[in-house]
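Please study the sequence and the structure before working through each solution.

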Amino acid sequence: MGSEPRDEPRRKLVDLPFLHKFKLYSTHTNYYLIGRDENKTFWRILKIDRTDPTELNLFEDPTRYTHDEIVQLKKWISRGNQKFGGLKAETTCYGIIGFVRFLGPYYMLVIKRRKKVGEICGHAVYGIAETEQIMIPYPSPETRVANSLAERRYKNLLKMVDVRKNFYFSYTYHLMYTLQTNVCNTESGEIHDETMFVWNEYLTHGIRRILQNTVWTVSLVYGFFQQTKCSVSDEEFVLTVIARRSRHYAGTRYLRRGINDAGNVANEVEIEQIVTKEVPEGQKVPMTSVVQMRGSIPLFWSQETSVFTPQPDIILNNKDVKHVATRRHFENLKQRYGRLIIILNLLKTGKHRESILRAEFGKAISSINKGTTRENHLKAIHFDLNKQYKSGADGAFEHLCNYGKRALELINLFFCEAPLGVGAEAVINDSFFNNPIMNEDEEETSPEEEALKADIFSLQNGVLRSNCIDCLDRTNVAQYAHGLVALAQQLHLLGITGPPIVDKNNPLAKKLMEAYEKMGDAIAMQYAGSDAHIKMFSALRGDWNMMMKHRDMITAVRRHYNNAYMDSEKQNAINMFLGQSGPQLGRPALWELRSDQHNTGNLDIENLRPRISRSFSDNLLLEGLDIEELINENPQPSREGLNGGWETNSEVGFFEPEPASPSVHFEDHLRGPGSKHMFPDSGSTSDSQGLDDVPGFSHSYNAKFTTADEMFERCSSMSSDNMFSDIAESFTSTTGTDHFEFLPGPSQTEGEYVLVPGFSNEFYHWVQHGRAFSRVWR
């Protein structure tokens with residue numbers, strides 16, 4: 001995967017107009033952005049007018065110039081502007097992120113440096129290493145507002161969405177879509193930049209509207225990307241894990257909860273796991289993918305941020321008694337993934353604040369199913385993971401794997417053999433909305449062209465949708481379990497098989513767990529301002545000890561601090577980046593508004609209060625925790641970026657030369673056949689049966705993993721007793737402890753304070769004096 005693909009299967013891509021590298025030149029009246037393809041076979045020009053500070057005027061030259069022609073053209077432009085200093089070189093960049101205007105002039109946002117993080121079927125995938133914000137108009141009295149305090153504050157607010165962290169793009173691959181969609185899509189002329197996973201849709205709207213193409217811009221996907229080259233028993237394959245965060249109803253933890261009127265949910269993330277087998281150059285590449293997703297409970301509910309209460313009460317709004325928005329949400333999932341939607345609901349049961357949502361979610365599912373045919377019913381699994389975990393991590397994880405196995409049998413996964421570069425022509429055709437680029441001989445398909453098409457053997461039809469209260473910590477463990485079971489099936493389809501055993505010492509299981517932990521940290525940082533909690537993953541590894549408990553407590557404090565003090569400003573930045581709010585004449589600035597004036601979306605807080613139900617809030621218990629020690633040991637996160645100041649190690653790409661890390665070799669490990677536990681040495685109290693029915697990996701293996709920095713060139717630039725309530729052949733859990741009931745909400749509690757053990761008066765001093773607390777953290 002690290003070497004350049006052979007030219008023959010990529011020969012059709014060479015002459016297609018993908019612009020990879022750009023140079024910006026300026027005169028007194030215009031900017032000239034000159035772009036070229038990767039192979040330096042043609043150049044194109046985009047002229048940007050600088051004379052009108054309030055309008056975006058773009059002019060695209062349709063001519064494809066040669067190198068000599070573009071050199072001569074630059075000379076002519078320079079001579080024509082000799083009076084004003086000629087043509088000046090400004091910067092080199094790798095694509096336009098978009099254009100934005102606040103109170104004064106327009107700005108162009110460009111990628112100054114990129115970093116290659118992986119490849120998908122021969123298509124390079126990049127992260128962003130450096131960006132630049134360029135003012136379009138030539139400095140004049142009309143542009144003085146650009147230096148005003150309010151303008152600078154808006155620019156800094158936009159920079160809080162740090163596109164250098166966890167934003168990805170590709171010039172030749174629709175990264176906003178799954179592998180199955182990219183391989184199977186035969187339609188052209190669609191506007192893909194307006195889909196839910198393209199985060200700079202608003203920023204590129206102006207240039208796309210004017211030019212009617214996406215040649216000069218990149219489509220940014222926000223989430224996570226990690227790729228690892230694996231070798232098991234002399235069989236090589238590449239494991240890729242991608243997370244795509246939806247821009248619809250996007251935001252921070254307590255300011256984006258539940259669902260909006262359009263059926264979009266908070267913290268909605270699509271996860272795709274791709275396994276690609278390494279084959280000799282020129283052959284079609286066997287590849288498989290499985291997709292799952294997570295998202296907030298699709299009901300109208302919220303939690304009010306409180307510096308005194310780390311876990312605020314849940315406020316349930318009963319305005320949508322017919323569950324119209326919930327129904328709309330699941331209809332959207334069916335359109336995207338197929339008719340079979342399986343819900344893995346991990347909310348807690350009993351006298352817990354989450355039970356009010358669990359009961360209402362169950363009612364909503366039943367209401368939706370009443371109006372549909374049996375084959376279109378939502379399939380619900382209600383599983384209290386927290387409760388099962390207390391009985392043993394191994395047993396809880398075994399149930400999750402069994403649920404994942406059954407879901408996989410129903411929805412299947414995607415499997416095909418495709419040539420390198422598949423889908424690139426669809427990308428270039430879709431780049432020109434009104435004038436798709438067609439080949440002259442396209443009326444008939446030649447045998448050579450037929451050989452370049454993908455052979456599709458199976459399709460995924462449906463999706464597993466997981467959620468807990470935040471869709472972070474518990475959800476991440478559940479999605480890892482589904483990914484682990486899917487990985488076994490993916491390797492089986494690719495011809496890499498082994499006995500049906502998943503054990504603690506299996507390097508593939510450990511490597512996949514690392515990927516899902518990193519992904520969980522990235523998603524948690526984006527939504528909640530901290531890394532994910534590691535308690536359940538640590539218990540599975542057998543290293544849950546006092547040090548890990550201390551780390552989880554620190555995570556809880558970080559998360560609470562960010563939610564209480566920083567989320568409002570982050571929400572402002574996200575809203576402005578996505579075009580959901582911004583400076584308007586006659587209205588206060590964003591930072592002058594209360595949070596409920598611009599952060600609640602379609603949720604009407606003022607009309608919500610008379611119709612709410614409350615559940616009792618169990619406060620976070622941090623016994624024996626020295627808050628002063630935590631503050632001194634763990635400094636406050638930087639306010640620069642949306643993702644916080646702690647590194648998550650989720651960016652595996654790089655852009656500066658450094659010594660290559662050695663490959664990790666795993667020698668043979670043998671275990672007796674009598675072991676029944678998933679992770680027998682984890683110290684768990686679980687006495688559950690092993691996963692003998694889950695296909696897995698061999699007892700004996702010799703595995704090797706290669707990280708992304710070794711693969712690519714350095715680039716400087718319902719009930720568990722009847723888990724599927726609507727399936728005739730029911731799958732029975734062995735727990736017998738998780739029957740779903742419609743539980744009435746606990747009695748309303750008003751004005752009650754619950755002290756947090758271990759904090760006492762020091763804790764109240766901390767929350768009442770946030771400014772002093774911030775100074776300590778700095």
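**Exercise 1.** Which residues form one aromatic cluster with Phe-167?

Solution. The cluster consists of Phe-167, Trp-199, Tyr-222 and Phe-577. The model is predicted: local features need pLDDT of at least 70 and side-chain atom pairs pLDDT 80 or more, while totals for chains, interfaces and linings use all residues. Residues are numbered from 1 along each chain as its sequence is written, and side-chain values use heavy atoms, without hydrogens and water.

**Exercise 2.** Classify the pair of Phe-167 and Phe-577.

Solution. Rings of Phe, Tyr and Trp (its six-membered ring) pair if their centres lie within 6.5 Å; planes under 30 degrees apart are stacked, over 60 edge-to-face, and the rest tilted. Here the centres are 6.2 Å apart and the planes stand at 50 degrees, so the pair is tilted. The two residues are 410 positions apart, with Phe-167 in strand β9 and Phe-577 in helix α16. (Helices, H or I of at least four residues, and strands, E of at least two, are DSSP runs numbered from the N terminus.) Both Phe-167 and Phe-577 are buried.

**Exercise 3.** Describe the pair of Tyr-561 and Tyr-565.

Solution. The centres lie 5.0 Å apart with 35 degrees between the planes, a tilted pair. Both residues belong to helix α15; being four residues apart, they are separated by about one helical turn. Buried means under 20% relative accessible area, exposed over 50%, and partly exposed in between (1.4 Å probe, protein chains only). Tyr-561, at 1%, is therefore buried, whereas Tyr-565, at 28%, is partly exposed.
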